[in-house]
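This briefing treats selected features of the structure shown below, grouped by topic.

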Amino acid sequence: MIEFPPGLLLILGALPVPFLRGPLRGIWMLALPVAAFALLYSLPDGNHFPISAFGQELELLRVDALSRVFGYVFIIAIFLGVIYSLHVRAVEEHVSGLIYAGAAIGAVFVGDLVSLFVYWELTAIASVFLILARRTPEALAASMRYLIIQVGSGVLLLAGLIVRWHETGSIEFGHIGIDGAGGVLILLAFGIKAAFPLLHNWLQDAYPQATPTGTVLLSAFTTKLAIYALARGYAGTEELIWIGVTMTAFPIFFAVIENDLRKVLAYSLNNQLGFMVVGVGIGTELALNGAAAHAFTHIIYKSLLFMSMGAVLHRTGTVLATELGGLYKSMPFTTVFCIIGGASISAFPLFSGFVSKSMILSAAAHEEYYFTWLVLLFASAGVFHHSGIKIPFFAFFAHDSGKRPKEAPLNMLIAMGLASILCIGIGVWPSALYAILPFDVDFRPYTDSHVLAQVQLLFFSALAFTVLIRTGLYPPELRCTNLDTDWLYRRLGRRLLVRITSAAGAVQARFYGALNRRGQRFLLQLYRHHGPQGVLARTWPTGSMVLWVALLLFAYLFLYFLDIF
Amino acid sequence: MLAQHLPALQVVIPLLAAPLCALFRRGFIGWLIAVAATWLAFAAAIGLLFRVLNEGVISYAMGGWAPPIGIEYRVDLINVFVLVVVSGVGSVIIPFARTGTAARFNDTDQAWFYAMYLLALTGLLGVTITGDAFNIFVFLEISSLASYVMIAMGRDRRALTAAYQYLIMGTVGATFIVIGIGLLWAMTGTLNLADLAQRIPEINDTRPVLAALAFLTVGISLKLALFPLHLWLPNAYAYAPAVTSAFLAGTATKVAIYLFLRFFYTVFGGGGFFESTPLPEMFLVLSVVAMFAASTVAVFQDDVKRMFAYSSVAQIGLITLGISYVSETGLTGAMTHLFNHAIIKAGIFMLLGGVMFRMASVKLEDMAGIGRKMPFTMAGIVILGLALIGTPGTSGFISKWWIVLAALEKDQWWLVALILLASLITMLYVGRIVEVAYFREPSAKAADVREAPLAMLIPAYVLVIATIYFGLDTQWSVGLAQRAAADLLAGIY
């Protein structure tokens, strides 16, 4: 048996990719995740790959139940991603995708914070190329913002781990908790990657700017790596429940008013992460199982949704809701796959989202977090509206845009088909997923109450949606907005909501405008002093240099003599 | 027998080889002599290192005249560490020098260039190895004069003014140093560093000694280009030939840092100046300002060589920051970074030399799309750039780690934050190059360039590999630096 980190296998395997041509490249790239899967499958639990560096013992391959779940799903995600991107010619996208996935998988299996930090930064650096590869000015700008925030997260992690090492003398990556300053810093680092509220902006900023294939990979790894890290380090930290609850709720409002469908998906990604963070925060065995399971199913159905939108973008060149519609006529397969993805994220019974999300909901109810439970329920309804209905509806149905693009390329269809099979398969036979969860599962998703409650919720929402369309009461942008609030809220009317949304928008615009102006002024100042013609950068006359020397001499003389005067 | 005279050979080999180059007046022969001389000097430094590790401090009386009357060469862990760095970098650059030099100069000028190179190396090695204060001044002048010539040979006409400014500033610095040494001599009657160290504590609050300290502080700060006395450096590095830039960036400022350590820890250390004067605080402030101001300037530079010249000023700030802690961890970090930065920066300037050789420009706009045309050169620059940022797995991470640790020891959290923030700025300018080189359409100049010749790439890659190697195995860099730091601190107490 070979004891080698599967993450490193992918990273090293990515290096020869630029030198391979034609079908050989595709075969090689498909073989890598398969080999990594086989490798992981053959590894028993335990620490397998200790090395010493920097005077520390580093654990590069710690296999246990928690890391195994995430390892498996990450490998599945890169496998699907490779199939989906087989038609792409740009080799840097393939290489950075594989390295990115390898780094995420590597990070899942490390047993110490230093190695985690190394992989953490590698995911940031490798993934930025997936955005840059779009080669538009917006993508370039977004990628730089993304890089700064991601590396900033790594720097926080480094700072936190140094502090923690200072405090405890250990760099082990086990339960961390927020007792010490180090723990707080590390939580902040994880929080950035997990897109906590107020730390989340990079996600909606960068993901919609990446290439069609790049976004699929981006959606799978970075944030779920953070969920894994949270589950490992902060399970049962009660503050996380509140953070998670906020995360499930607030993106909904943004998602409904958003026109860019990939951005809608980015918001819904944020909302789904909230469920996982709540699960981690509750911290019971059921909740952690739920978080891990939800991460597992989420990666697959979110990839599927991004893949379907990627296919649309690939064929039509846009994913703006206002410019799409009626595509089902020429892209029937993609439509079906997108609906399957939408059904999964909305947690329809018999689809994968149902079997994992109900675990988190049950855990919340079981621990008597009723408020949390209610918000999660509300969020579930919201997800259904903006991901389950809005995405397929506006892209494939709605008013006919007259666009008749070709069906997605075969490799995209295969990738989406495989993901769909997984979505349905897990929904119908959840026991296979439950078998690999971190703790023993004593949970039945298909009880009468679970199914009934969920079906009621979904059915009722769908009904409302239909009614609204039939009556044509609401402008298209707002249809979904009204649906994802409850009855009372709807009676108060959409005017209030519109008012709030627009007021909030204005405040936000003013705030960011001010920030922007201030930032520009700061940059201008900086440029005035540090730019090529700035006082600090231009070539000085020799006389001025000597003047500085004299000044410094007097300063030193004065300071040294101070003591004896 | 030979091992006995290693300290003398260390300096004498390049010193004698220099006029030989000039006499032959043939570029190729001069190059061969330079290769032989630098590699022998490197071998001598390694030999000295092992002797010091086995036997402890070596005291060598030059010409058989016993110190303190005669000149003593005194080799301990501190300077043998620097000797290895300087001669090592010097011997890696020489094989690289051949292609570019042969393409640009006629035979005689080539020979002169190698002669100057060897003289500069002689001077730097001499400054490092000698235990005599006046001898330090002499060698400093030898290396400085040679390097003025080397800078002036740059292809850009601004190289002449750059060399001239460096000459003025270098001379001012050297004069200040000799004034300081003169004052010390007047007060103690000795020029031997070890003797000085013994006598200064008795007269440590007399004004001449304090004046000497001030003159030495400014003089050495000038030589090591500590902010705001760095003004000569950017132009000198930017407009000099690639060989000169790489050599100076890897060695000259590093030797100046050694001089600083030697004077302030070994010679003045016993006098309690670190407690009684605000020297550490001054250095701390100037270092932090250097790290930020120079890095920020670097971000906006359009000339990549000048960008990395400013980055040198910032990195020197990081080294002096480590020194200003007056702690073993801080000194370990500073000496490790001295070692690592010498390798990183010499490597970057060599690779940029390859770009210059192919494209006759290192302007950022001209380097657009060069990542595909010169893949190995750019990959090397990216790796070394990552090391500058302090990415784990590269040597730059190790030094930063130690300097951060030193800040933590003093509970200076804000400094940790500042160091990490400075790394982010470093990331900006390295990122700028990456973006331009890989994600833009090739510029008119870059449209038909080829990869740099192997003779330039291979030496540069020796340093690239060393950067990664010393990021993983720190036994030699940190291990030696740690012992040297302990020795330095022993001088204070």
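In chain B, Phe376(B), Thr377(B), Gly380(B), Ile383(B), Leu384(B) and Ala387(B) of α16(B) meet Leu457(B), Ala460(B), Tyr461(B), Val464(B) and Thr467(B) of α19(B). Two residues are in contact if their C-beta atoms, placed from the backbone, lie within 7 Å. The model is predicted: local features need pLDDT of at least 70 and side-chain atom pairs count only at pLDDT 80 or more, while totals for chains, interfaces and linings use all residues. Residues are numbered from 1 along each chain as its sequence is written, and chains are lettered from A and ligands numbered from 1 in the order in which they are written.

**Helix pair α16(B) and α19(B)**

- By class, this contact of α16(B) with α19(B) has eight nonpolar, three polar and no charged residues; Ala, Val, Leu, Ile, Met, Phe, Trp, Tyr, Cys and Pro count as nonpolar, Asp, Glu, Lys and Arg as charged, and the others, Gly among them, as polar.
- The axes of α16 (residues 375–389) and α19 (residues 454–472) of chain B come within 10 Å and cross at roughly 30°, which makes α16(B) roughly parallel to α19(B) (angles under 35 degrees count as roughly parallel).
- Axes are lines fitted to C-alpha atoms, for helices over the stretch in contact, and angles run from 0 to 180 degrees between N-to-C directions.

**Chain B as a whole**

- Chain B has 20 helices and two strands, taken as DSSP runs numbered from the N terminus (helices: H or I, at least four residues; strands: E, at least two).
- Of the 493 residues in chain B, 64% are buried, a term for residues with 20 or more other C-beta atoms within 10 Å of their own, C-beta atoms being placed from the backbone.
- Among contacts in chain B with a separation of 6 or more, 81% join residues 24 or more positions apart.

**Contact between chains B and A**

- Chain B contributes 43 residues to the contact and chain A 36 residues.
- On the side of chain B that touches chain A, the largest share, nine residues, comes from α8(B).
- The residues on that side of chain B divide into 29 nonpolar, 11 polar and three charged.

**Ile178(A)**

- Ile178(A) lies in the loop between α6 (137–168) and α7 (181–193) of chain A.
- Ile178(A) is partly exposed because 18 other C-beta atoms lie within 10 Å, between the limits for exposed (12 or fewer) and buried (20 or more).
- Beyond its neighbours within four places in sequence, Ile178(A) is in contact with Gly183(A), Val184(A), Leu187(A) and Thr237(A).

Conventions: Parallel < 35°, antiparallel > 145°, perpendicular 65-115°, else oblique.
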